[in-house]
Amino acid sequence: MVQINPDLCKNCGYCVKFCPKKVLATGQNRNRRGQFYPVMTDEAGCITCAVCAMMCPEGAIEVTEGGANT
Ligand code: SF4
Ligand code: SF4
């Protein structure tokens with residue numbers, strides 16, 4: 001599963017852009033830094049490839065086994 005720590009996010013958009021399954025999207029809410037942060041839009045579509053976590057320059061995303069498709 002994908003865990004996003006909203007308060008570390010600086011809204012660079014890399015995770016949203018590079019997710020091969022396009023299951024992340026920039027959300028409607030702001031974090032404590034005043035930035036919009038990504039949300040999971042389709043948990044079942046995530047393949048837990050961890051590209052989002054690798055792309056994130058802030059270390060705001062953690063991907064663990066145990067998602068819907070693992
Ligand atoms: S683990 Fe892969 S498929 Fe899942 S949200 Fe991250 S980049 Fe997308
Ligand atoms: S890659 Fe990290 S810092 Fe950039 S939008 Fe995604 S969660 Fe936020």
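Predicted model: local features only at pLDDT ≥ 70, side-chain atom pairs only at ≥ 80, totals over all residues.

Student: OK, what does the secondary structure of the chain come to?

Tutor: Two helices and four strands, taking helices as DSSP runs of H or I with at least four residues and strands as runs of E with at least two, numbered from the N terminus. Starting at the N terminus, the order is β-α-β-β-α-β.

Student: And how compact is the chain?

Tutor: Its radius of gyration is 11 Å, close to the 11 Å from the globule rule for 70 residues, so the chain is as compact as a globular protein of that length. That radius is taken over C-alpha atoms, and the rule is 2.2 Å times the number of residues to the power 0.38. The C-alpha trace spans about 35 × 20 × 20 Å along its principal axes.

Student: How much of the chain is buried?

Tutor: Buried residues are 19% of the 70. Buried means 20 or more other C-beta atoms within 10 Å of the residue's own, exposed means 12 or fewer, and partly exposed is in between, with C-beta atoms placed from the backbone.

Student: Switching to ligands: which residues come nearest to ligand 2?

Tutor: Cys9, Cys12, Tyr14, Cys15 and Cys56, out of 15 around ligand 2; "around" means a C-beta atom, placed from the backbone, within 6 Å. Helix 1 (14–18) and strand 3 (36–40) each give that shell at least two residues.

Student: What about ligand 1, which ones come nearest there?

Tutor: Of 14 residues around ligand 1, the nearest are Cys19, Cys46, Cys49, Val51 and Cys52. By class, the ligand 1 shell has 12 nonpolar, one polar and one charged residue. Nonpolar covers Ala, Val, Leu, Ile, Met, Phe, Trp, Tyr, Cys and Pro, charged covers Asp, Glu, Lys and Arg, and the others, Gly among them, are polar.

Student: Is Ala50 exposed or partly exposed?

Tutor: Partly exposed, with 13 other C-beta atoms within 10 Å. Ala50 has a positive phi too, about 70 degrees, and is in the loop between strand 3 and helix 2 (51–55).

Terms used. Residues numbered from 1 in each chain as written. Chains lettered and ligands numbered in written order.
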